[in-house]
Amino acid sequence: MDGPERPQAMNFALPAGTDPDSVRQRVVAMENLLERTFRVPGVNMPIGLDALVGLIPVVGDLVTTALGAYIIWEARNLKIPKWKLWRMGANVAFDTAIGLLPVVGDAADFLYRSNSKNLRIIIKHLDTHHPETRVIEG
């Protein structure tokens with residue numbers, strides 16, 4: 001089949017640009033992957049790879065820390081003020097430190113969402129300094 005009647009594959013491509021809109025899309029996608037990919041049946045609570053991979057002792061926490069650091073790196077590329085970058089780093093460091101504790105850390109991964117906190121910092125910055133990147137959700 002050719003033309004519009006041809007079935008389309010789902011496209012999950014993210015923009016590779018350095019413009020604020022592309023960065024926003026990548027950071028939102030990463031936060032969604034880390035914090036809200038799945039729902040816990042029965043309680044309808046969203047969880048993501050941060051909580052699931054964090055169940056693997058030490059290695060899981062290091063992997064999720066690296067993914068959280070990626071969000072901070074994207075924020076640095078947006079020229080977010082250093083104090084906000086330090087705040088974001090503190091969020092990830094706290095999440096990592098508490099995640100290293102057996103059992104308590106696994107429970108904390110479900111409750112303390114450093115990547116969501118960091119996304120809010122980035123979104124607030126983008127909405128203030130790059131209002132053209134705002135997304136109207138309906």
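I take buried to mean under 20% relative accessible area, exposed to mean over 50%, and partly exposed to mean anything in between, with a 1.4 Å probe and protein chains only. The model I am reading is predicted, with local features needing pLDDT of at least 70, side-chain atom pairs counting only at pLDDT 80 or more, and totals for chains, interfaces and linings using all residues. Residues are numbered from 1 along each chain as its sequence is written, and side-chain values use heavy atoms, with hydrogens and water left out.

**Entry 1, a surface residue.** I looked up leucine 62 and found that, with a relative accessible area of 51%, this residue is exposed. Leucine 62 sits in helix α3, helices being DSSP runs of H or I with at least four residues, numbered from the N terminus. I then noted a nonpolar surface patch of about 530 Å², made by Ile56, Val58, Val59, Leu62, Val63 and Leu100. The areas come from the Shrake-Rupley method with a 1.4 Å probe, and for residues only the protein chains shown count as cover.

**Entry 2, aromatic pairs.** How many aromatic pairs does a search of the whole structure find? I recorded two, where rings of Phe, Tyr and Trp (its six-membered ring) pair if their centres lie within 6.5 Å, planes under 30 degrees apart being stacked, over 60 edge-to-face and the rest tilted. The ring centres of tyrosine 70 and tryptophan 73 are 6.0 Å apart and their planes stand at 35 degrees, so I list this pair as tilted. Both residues belong to helix α3 (residues 59–77), where they are three residues apart, about one turn of the helix. Tyrosine 70 is partly exposed at 24% relative accessibility, and tryptophan 73 is partly exposed at 42%.

For phenylalanine 94 and tyrosine 112 I noted ring centres 4.9 Å apart and planes at 75 degrees, so the pair is edge-to-face. This pair links distant parts of the chain, 18 residues apart, with phenylalanine 94 in helix α4 (residues 82–99) and tyrosine 112 in the loop between α5 (104–111) and α6 (114–129). Phenylalanine 94 is partly exposed at 43%, whereas tyrosine 112 is buried at 18%.

Leaving aside neighbours within four places in sequence, isoleucine 121 is in contact with Lys84, Arg87, Met88 and Asn91, contact meaning heavy atoms within 4.5 Å. Isoleucine 80 is 41 residues from isoleucine 121 in sequence and 9.2 Å from it in space, C-alpha to C-alpha.

Conventions:
Helices (H or I, at least four residues) and strands (E, at least two) are DSSP runs, numbered from the N terminus. Patches are made of residues with over 30% relative accessible area and no salt bridge: like charges are joined within 9 Å, nonpolar side chains (Val, Leu, Ile, Met, Phe, Trp, Tyr) within 5 Å. A salt bridge is a side-chain nitrogen of Lys or Arg within 4 Å of a carboxyl oxygen of Asp or Glu.
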